[in-house]
Amino acid sequence: MVATKKYDVIDQSTGALDRSIFIDEAVYQEELEKIFGRAWLMIGHESLVPNTNDFFHTYMGEDPVILTRDNNGELHAMLNMCRHRGNRIIRADDGNAKNFMCTYHGWTFSSDGSLEHVPGEERVYFNELNKSELGLVQARVDTYAGIVFATWDHEAPTLEEYLGDARWYLDLSFNRRDGGQQALGPLKWMEPVNWKTPVDNCSDNYHVPVSHLSSILADEKVWGVPKRTAESQFNTEDRKHLFVNGHSLTIGEVSPEQPRYGHGVVEDNRHHFVKYQKDTLPEVEKRLGSKRARGLLLGNHSLFPNTVLGFRLALPRGPLMTEFWHFVLYDKDAPPEIKDALRWGLTGHNGAAGSFEQDDIDNWRSVTEASKSPIARRYNQKLVMGIGHSGPHEEYPGDVATRYISESNQRNFYNRWEEFMNAESWADIPIDPITADFDGTATMKD
Amino acid sequence: MTISEVSTKDLWYDINHFYIQEAWLLDERKFKQWLNIFTEDVFYFIPRRKNVYRKDLSREITKYGDLAILEESKRDLQMRIARLDTGMAWAEDPPSRTRHIIANLVVEPLENGEVKAKTAFLLYKSHLEYDQDLYAGMREDILRQVDGEWKVSRRTIVLDANVLLTKNVSVFF
Ligand code: FES
Ligand SMILES: [Fe+2]
C-alpha cells in the first residue's frame, strides 16, 4: 500500500520550511509514534552497564527505558512500566539489581525483564495468570562500537543498515582503538527548544563564528586556541558537509600528525595530543585503513533522529521542551592526561554550563518560539543556502556539499523527517545501500 | 595573626562577612573583583548530583574524574569572565539579574592553618523578560590566608537538582 503523502514541510527547490512542525501538538504526538517509535535510538553505552545485573535508566523519546545487562551478560532495553497497572519499576539513574520489585503491588521482574513473582499468585489470581506473557516490554537492542541503540519497531532494518555509510565516518571518532571507549555521564538539563532544532544545528557551521565568537575570542586570548574565523569556516578546500542515510556529518581533511580532537586541546596540553596521535596512528591505521586513519577527522554531526554532536541526546519533552543529555566518550586505553583534557574541555564548552553551548540556547529557543504565532508562520524558514551545490562525491559516500557551510544537510534532515512521518511502516522508508569501502579491521562490534 | 590566635567566634564572623561581600560582588556583576577572592591554584568544582537508591548514596555526588558540570581552574574562570567583556556572550547579554543568598555557615579550622567552610545557598536568576531559575545547593570551600586576606583555594558546589531545570548555567556560584 502506498502511503498518502501527508506532510510536505520542506520545499527542496526553495528551501522554505514550514514552521508549524516545531509547535503543533498533533505533529509532536505523531513524531513520538512515527519517528521515536520506529528509528534506532541511541540510549547509552555498554560501559555504563559493565557488570551483570547493572542497570542504567534512559529514554526512548518520552518513554522511560531500563537498559540492563542480565545474568548472562545480554543487554536489554525495556519499557520502565510495570505490566500490572503501569507504575515505573525503576526510579533511580543507575545501579545494580538482580530483580526489580514494583512499589505499587509488588510484581517483581528479573534483570532480563521476565515476570518472576506476583504476590498472591495462588490465592487471588487462582494460578490463572500467564506470567510468561507479562514480562517487561522489550525493545530491539544492538550496539555499534559499544554505543547502545534500541528500536521499538521489530520491522526496522538492522542497526548496521540503519547507520549505513555514516559508520564510515563515525568510526573516525568512535572506533579507533582495540580497547574500545568509556562513557561518562550524563549531565542533564532542560532546553526550551523543539528537539529538531539542536539536531539540525549540528551541521550548521554557519552559526559558529557568530553564535560562539565570544568564546572563540576568549579561548584564543586565555588558552591560545587557534581562532575559528568566519574565513576559515567559509573556506571549503579541506572540510566537507555531507548527509548519509538520514545522518548529518561534517569532516575535515587533515595531516596524519594532527590531533583528532577539538574542545579540550589548548596550547599547554597540545603536545600530549600530538603524542597520542603519533602513538596510536599504527593501531588506528590497522583498524580503519590508511585513508581514514591518516587523512580524516570527524567534525560536528548528528544521527537521525536525536543523537547530537558526538555522544549527546536531545530527548523530546513536548513541542517546546527538550531534555538534553551530555556524555563524554574517550578511548579506554588513552593516558590520563588525554582523558582529563577531554572530560574538562568537552563539558566546559558543550555541557549545561558550556561556554559554547550556553550561547546557543536563546537562538534555538527563539527560532522555535517564532513558530507560535500564526502571523510568523506565514513566513517560512529560509534553508536556501547551497541549493544545487551538493551531490555524490568520488571519494566520500553521501550527498556532499561543495561548501563546508551549507544548508543541504538541513534540507536533507527535514526530508528524512518527511520520509518517516509519511510512511505507513518501515517498508516505505528508504535506506541507502552500504557502498563505502570499510578498509581495516574495525567492525560494528570489535 | 595565625588562626590559632583567632577565636572561633571571630573566625565565623570574618568568614561570614567574606561571603556576604562575595555575594554582593556577584550580584553587582563585579566579576573581575570576584576573581580576586580565589587563590591562583583554585579548583572550582561542580559535580553532578545523581538520583540513586538509599543504599547507593555513596555514589550520589560524582567524584573527581567522573563527568562533572564544571571542573575549572582560575584560567577557566578568567576565560568565562573575558567572554562577558566581548559584548557577544549571548547567554549573558543582556545579562542575568541574580541574587545570591548565602547562609548556614559552619567553619572548621584545619590543622594546616586553612579553614573549611560550608554554606547553603539559594541563587535566583532572572533573564530576558520571563525566564527565571532557582538553584539550591551547598558550597564547601577551603580558605587560605594570602597576604593577610582570606582566599578560596577549593570550592565544591553541590546542587540539589538532578535534571537541571534551567536553559543554561551561565551564572557563578
Ligand atoms: S502496578 Fe506494578 S504491581 Fe501493580
Ligand atoms: Fe553552537
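Visitor: How much of the accessible surface of chain B belongs to carbon and sulfur atoms?
Guide: The model is predicted, and its surface values are computed. Chain B has an accessible surface of about 8800 Å². The share of this surface that belongs to carbon and sulfur atoms is 53%.

Visitor: What share of the residues in chain B is buried?
Guide: A residue counts as buried when its relative accessible area is under 20%. Chain B has 173 residues, and the buried ones make up 50%.

Visitor: What pattern does chain B follow along the sequence?
Guide: Its secondary structure comes to three helices and six strands. Read along the sequence, these give α-α-β-β-α-β-β-β-β.

Visitor: Why is chain B said to be as compact as a globular protein of its length?
Guide: For 173 residues the globule rule gives 16 Å. The chain counts as that compact because its own radius of gyration is close to this value, at 17 Å.

Visitor: What is the radius of gyration of chain A?
Guide: The globule rule gives 22 Å for the 446 residues of chain A. The computed value is close to that, so chain A is as compact as a globular protein of that length. Its radius of gyration is 23 Å.

Visitor: How far apart are the mean positions of the positive and negative charges of chain A?
Guide: Chain A has 47 positive and 67 negative charges. Their mean positions are apart by 3 Å.

Note on methods:
Residues are numbered from 1 along each chain as its sequence is written. Chains are lettered from A and ligands numbered from 1 in the order in which they are written. This is a predicted model: local features need pLDDT of at least 70, side-chain atom pairs count only at pLDDT 80 or more; totals for chains, interfaces and linings use all residues. Side-chain values use heavy atoms; hydrogens and water are left out. Helices (H or I, at least four residues) and strands (E, at least two) are DSSP runs, numbered from the N terminus. The radius of gyration is taken over C-alpha atoms; the globule rule is 2.2 Å times the number of residues to the power 0.38. Buried means under 20% relative accessible area, exposed over 50%, partly exposed in between (1.4 Å probe, protein chains only). Accessible areas come from the Shrake-Rupley method with a 1.4 Å probe; for residues, only the protein chains shown count as cover. Lys and Arg count as positive and Asp and Glu as negative; His and the chain ends are not counted. The place of a charge is taken as NZ of Lys, CZ of Arg, CG of Asp or CD of Glu.
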